[in-house]
Amino acid sequence: MGIDPRDLDDDDLLRELRQLHATRTDTLLHGSDDALARHTSRTNELESEYLRRCPERDVDPGRLREGARQR
């Protein structure tokens, strides 16, 4: 279901990811088991495509274990 993530341009891929992340809690709390499973698989598809396209993405040092220790 949904457009193959490889067929989305970068802006559409990010828009889809933002939408899924925005609806995650609602799906977890109120969605059917099927809806939650589909939400999870679609998120994995889109995130995998993002990581494939952006293997050298900008990682915030504060999000690393070392950065957490410094806080």
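Buried means a relative accessible area under 20%, exposed means over 50%, and partly exposed lies in between, as computed with a 1.4 Å probe on protein chains only. By this scale Arg15, at 45% relative accessibility, counts as partly exposed. The model shown in these views is predicted, so local features need pLDDT of at least 70 and side-chain atom pairs count only at pLDDT 80 or more, whereas totals for chains, interfaces and linings use all residues. Residues are numbered from 1 along each chain as its sequence is written, and side-chain values use heavy atoms, with hydrogens and water left out.

View 1. Helix H1 covers residues 10–30, where helices (H or I, at least four residues) are DSSP runs numbered from the N terminus. The 21 residues of H1 should span 30 Å at 1.5 Å a residue, and the end C-alpha atoms of H1 are 30 Å apart, which agrees; the expected span is 1.5 Å times one less than the number of residues in the helix. A kink of about 45° in H1 is centred on Thr23, the bend at a residue being the angle between axes fitted to the seven residues ending there and the seven starting there. At the start of H1, a side-chain oxygen of Asp9 comes to within 3.2 Å of the backbone nitrogen of Asp11. Arg15, which is placed in H1, has its side chain joined to that of Asp12 by a polar contact of 3.1 Å. A polar contact is a pair of N or O atoms within 3.5 Å; within protein, one must be able to donate a hydrogen and the other to accept it, and residues adjacent in sequence count only if both atoms are side-chain atoms.

**View 2. The largest nonpolar core.** Five residues, Leu8, Leu13, Leu17, Leu20 and Leu46, make up the largest nonpolar core, a term for a set of buried Ala, Val, Leu, Ile, Met, Phe, Trp, Tyr and Cys residues joined through side-chain atoms within 4.5 Å. Helix H1 gives the most to this core, with three residues. In soluble globular proteins, nonpolar side chains tend to be buried together. The buried residues in H1 are Leu13, Leu17, Leu20 and Thr27, and what covers the buried residues of H1 includes H2. With residues up to four places away in sequence not counted, Leu20 touches His39, Arg42, Thr43 and Leu46, contact meaning heavy atoms within 4.5 Å.

**View 3. His39 in helix H2.** His39 has its place in helix H2 and counts as buried, at 9% relative accessibility. The side chains of His39 and Arg24 are joined by a polar contact of 3.1 Å. Leaving aside neighbours within four places in sequence, His39 is in contact with Leu20, Thr23, Arg24 and Thr27.

View 4. Glu49 is found in helix H2, which covers residues 33–53, and counts as buried because its relative accessible area is 5%. The side chains of Glu49 and Arg53 meet in a salt bridge of 2.7 Å, N to O, a salt bridge being a side-chain nitrogen of Lys or Arg within 4 Å of a carboxyl oxygen of Asp or Glu. Both Glu49 and Arg53 lie in H2, four residues apart, about one turn of the helix, and Arg53 is partly exposed, with a relative accessible area of 24%. The side chain of Glu49 also makes a polar contact of 2.6 Å with the side chain of Arg52, and a network of salt bridges links Asp10, Glu49, Arg52 and Arg53. Not counting residues up to four places away in sequence, Glu49 touches Pro5, Arg6 and Leu13.

**View 5. Two further salt bridges.** The structure holds eight salt bridges, and one of them is formed by Arg6 with Asp4, the closest N and O atoms being 2.6 Å apart. Arg6 counts as exposed, at 59% relative accessibility, while Asp4 counts as partly exposed, at 28%. Glu45 forms a salt bridge with Arg42, the closest N and O atoms being 3.1 Å apart, and both residues, Glu45 and Arg42, lie in helix H2, three residues apart, about one turn of the helix. Glu45 counts as partly exposed, at 33% relative accessibility, whereas Arg42 is buried, with a relative accessible area of 10%.

Definitions and conventions:
Helix = DSSP H or I, 4+ residues; strand = E, 2+ residues; numbered from the N terminus.
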